[in-house]
Amino acid sequence: MILADFQACTGIDNIAEAITLLELNNWDLVAAINGVIPQENGILQSAAPPPSTSSSSSSPLSSSTPAFCPASISSRQIVERQPRMLNFRVEYRQRSVDLVMEEGSTVGGIKQILETELGVPVSKMQLKGWKTGDISDSTVLRSLHLPKNNSLYVLTPEIAPCASTSKDRYAAQHFSASYHTKYGENHPMFYIGTLEAASQEAFYGKARDRKLLAIYLHNDDSVLSNVFCSQMMCADSIVSYLSQNFIMWAWDVTKEANKARLLTMCTRHFGSVVTQTIRTYKTDQFPLLLIVMGKRTSNEVLNVIQGNTTVDELMMRLMGAMEIFTAQQQEDIKDEDEREARETVKREQDEAYRLSLEADRKKREAQEREEAEQVRLERMRKEQEEEKEAIRLSLEQTLPPEPSEDSGKQISKLRIRTPSGEFVERRFLGSCKLQVLFDFVASKGYPFEEFKLLTTFPRRNITQLDPGSTLLDAKLFPQETLFLEAKE
C-alpha cells in the first residue's frame with residue numbers, strides 16, 4: 001500500500017526508484033513525498049480518513065486516490081520579548097542554520113534544536129566558536145555575555161564510510177577509467193569520490209578556495225552522448241576552463257538503478273528541487289552538465305547545459321556561471337575577512353585582558369605573600385616578647401627579698417645605670433652570689449645573653465666572672481655603681 005500510495009502521489013512509475021526513495025526515508029510516506037514534491041509550505045501532513053463503520057467501506061484505496069494530501073502549516077514565529085534575545089548562525093558542512101534564542105536558554109537547548117534541523121545527535125555534536133573557555137550543555141547563555149549576533153559551527157566525530165559510500169566511490173572511479181579508455185586522456189579531471197565529498201571540496205572551506213560544482217550526467221542511450229564527449233568535453237579550452245574553476249563530478253545514469261541512486265543522493269545533499277530538475281529531462285536530452293553553486297542557506301543550480309550545444313555556447317554558459325559565482329564569492333570573501341578581522345581584534349583584546357588579569361593576579365599574590373610574611377614576623381616577635389616576659393616574671397618571683405639596712409649583716413648597695421640613662425638601685429647581701437645579681441638585672445628586662453654588666457673604674461666586665469662567686473669576691477662591697485651595655 002505504501003509503495004502504491006507513494007507512486008500515486010509522486011507520479012514515479014519506476015518501482016526501483018520509488019523503493020530507493022522510500023528506503024532513504026525509512027518508509028515514512030510523508031517524508032518521502034516531501035523529498036520529491038516541493039510544497040509551497042514545505043510539508044505534507046497526513047489526512048487520516050474517519051474510522052469505518054461498515055465492512056463494505058474497508059476496501060483498500062485505489063492507486064488513483066492518494067492517502068496523503070498537502071496541508072498548510074503555521075509558520076514558526078520568533079517573538080521579540082523580555083528578556084534579551086540572541087541571534088545565532090550555525091554552520092555545519094555546507095549548511096547554515098539561523099536561530100534566535102532567549103538569553104536565559106542553555107547551550108544544550110541550542111543543540112536540541114540543531115539535532116532536529118541537522119539530524120546530528122546531541123551526544124555526537126560539538127558546538128564550537130564560543131569566545132570563552134569551558135562550555136557545557138548546562139551553561140546559560142546569559143553567563144557568557146554574548147553580543148546580539150553570534151557565529152558558531154558544528155563538529156562531529158569522523159564516521160567510517162558505509163557500504164553505499166564505498167560503492168559510490170567505486171562507481172565514480174570506474175566511470176572515470178571507462179571514460180578515459182573510450183574518449184582519450186584529453187578530458188576534464190573527474191573527482192574520484194562521493195557526491196557529498198565533491199560538494200564538501202567545492203562549497204566548504206575558506207571563501208577564497210571555494211569553486212563551482214559541475215555535475216556531469218552521462219547516458220549511453222542518448223545519441224548526443226558520443227558527440228558531446230568527443231567534441232565538447234575534449235576541447236582544450238573547455239578542459240582547461242573546467243579544470244581551473246570547477247570541481248567536476250560524473251555519474252552514469254544509463255541504468256535505471258544508477259539513476260535512482262543519483263536522485264537519492266541529490267535529494268539528500270541538494271534537496272528536492274535539484275532532484276526534480278534532473279527528473280524532468282528525457283533520455284534524448286542527455287548528457288547533462290549541472291552547474292551548482294554553494295550558498296549559505298541552500299545550494300543553487302545556476303545552469304543546466306544539455307548535450308545539444310556547441311563549444312562556444314558551452315564556454316559562454318560556463319563563463320556566465322563563473323561571473324555569478326565570482327560576484328557571490330567576493331561578497332563571501334569580504335564578509336569572511338571582516339569576520340576574521342573582528343575575531344582577530346577580539347582575540348587580541350581577550351589576550352590583553354588575560355595578560356592584565358595575570359599581572360593583577362601575580363601582584364595580588366605577591367602582596368598577599370608579603371602581608372603573610374609580615375603577619376608571621378609579627379607573630380614571632382610577639383611570641384618572643386611573651387617568652388621574655390614570662391622569663392622575666394619568673395626571675396622576679398625567684399629573687400630573694402631585699403635586705404634592710406639595719407639587718408646587721410654585710411650589705412652591698414648597688415646602683416645600676418640602664419642603656420636609657422635611668423638608674424636602678426637595690427641592696428644585696430655581701431654573701432649573695434653574682435647569679436642573683438644577673439637574675440635581678442634580667443628581671444628588669446636586660447637578660448644575661450644580650451647585655452653585659454660593667455664597673456665604671458676600673459672597667460671590668462662582671463658578666464665574665466663566675467656566677468657562683470659572691471659580691472664580696474667580686475669586690476662589689478659595700479657599694480658600687482655599674483652600667484649595662486648591649487653585647488655586640
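Biologist: How many of the five residues of strand β13 are buried?

Modeller: This is a predicted model, in which local features need pLDDT of at least 70 and side-chain atom pairs count only at pLDDT 80 or more, while totals for chains, interfaces and linings use all residues. Residues are numbered from 1 along each chain as its sequence is written, and side-chain values use heavy atoms, with hydrogens and water left out. Buried means under 20% relative accessible area, exposed over 50% and partly exposed in between (1.4 Å probe, protein chains only); helices (H or I, at least four residues) and strands (E, at least two) are DSSP runs, numbered from the N terminus. Strand β13, residues 451–455, is mostly covered, and the number of its buried residues is five.

Biologist: Which residues of β13 lie on each of its two sides?

Modeller: In a regular strand the side chains alternate between the two faces of the sheet. Both faces of β13 are covered, with Phe451, Leu453 and Thr455 on one side, and on the other Lys452 and Leu454.

Biologist: Which residue in β14 stands opposite lysine 452?

Modeller: Two strands pair if DSSP finds at least two bridges between them. Strands β13 and β14 (residues 479–486) run antiparallel and are joined by five bridges. Opposite lysine 452 in this pairing stands glutamate 485.

Biologist: Where is leucine 476, and what is its relative accessible area?

Modeller: Leucine 476 has its place in the loop between β13 and β14. Its contacts (heavy atoms within 4.5 Å), leaving aside neighbours within four places in sequence, include Leu414, Leu434, Thr455 and Leu482. The C-alpha atom of leucine 476 is separated by 8.4 Å from that of lysine 413, 63 residues apart along the chain. Leucine 476 is buried, and its relative accessible area is 0%.

Biologist: How far apart are the ring centres of phenylalanine 175 and tyrosine 179?

Modeller: Rings of Phe, Tyr and Trp (its six-membered ring) pair if their centres lie within 6.5 Å; planes under 30 degrees apart count as stacked, over 60 as edge-to-face and the rest as tilted. The structure holds 14 aromatic pairs. Phenylalanine 175 and tyrosine 179 form a tilted one, with 45° between the planes and a centre-to-centre distance of 5.9 Å.

Biologist: Where do phenylalanine 175 and tyrosine 179 lie?

Modeller: Both residues are buried. Phenylalanine 175 and tyrosine 179 are four residues apart, about one turn of the helix, and both lie in helix α5 (residues 163–183).

Biologist: Why is the pair of phenylalanine 175 and phenylalanine 190 edge-to-face, and how many residues apart in sequence are the parts that it ties together?

Modeller: The pair is edge-to-face because the ring planes stand at 70°, with the centres 5.7 Å apart. Phenylalanine 175 is buried at a relative accessible area of 8%, and phenylalanine 190 is buried at 4%. Since phenylalanine 175 lies in helix α5 and phenylalanine 190 in the loop between α5 and α6 (195–203), the pair ties together parts whose separation in sequence is 15 residues.

Biologist: Which ring lies under arginine 415?

Modeller: A charge sits over a ring if NZ of Lys or CZ of Arg is within 6 Å of the ring centre and within 35 degrees of the ring normal. The charged end of lysine 487 sits over the ring of phenylalanine 448, 4.8 Å from its centre. Arginine 415 lies 3.8 Å from the ring centre, over the face of phenylalanine 423.
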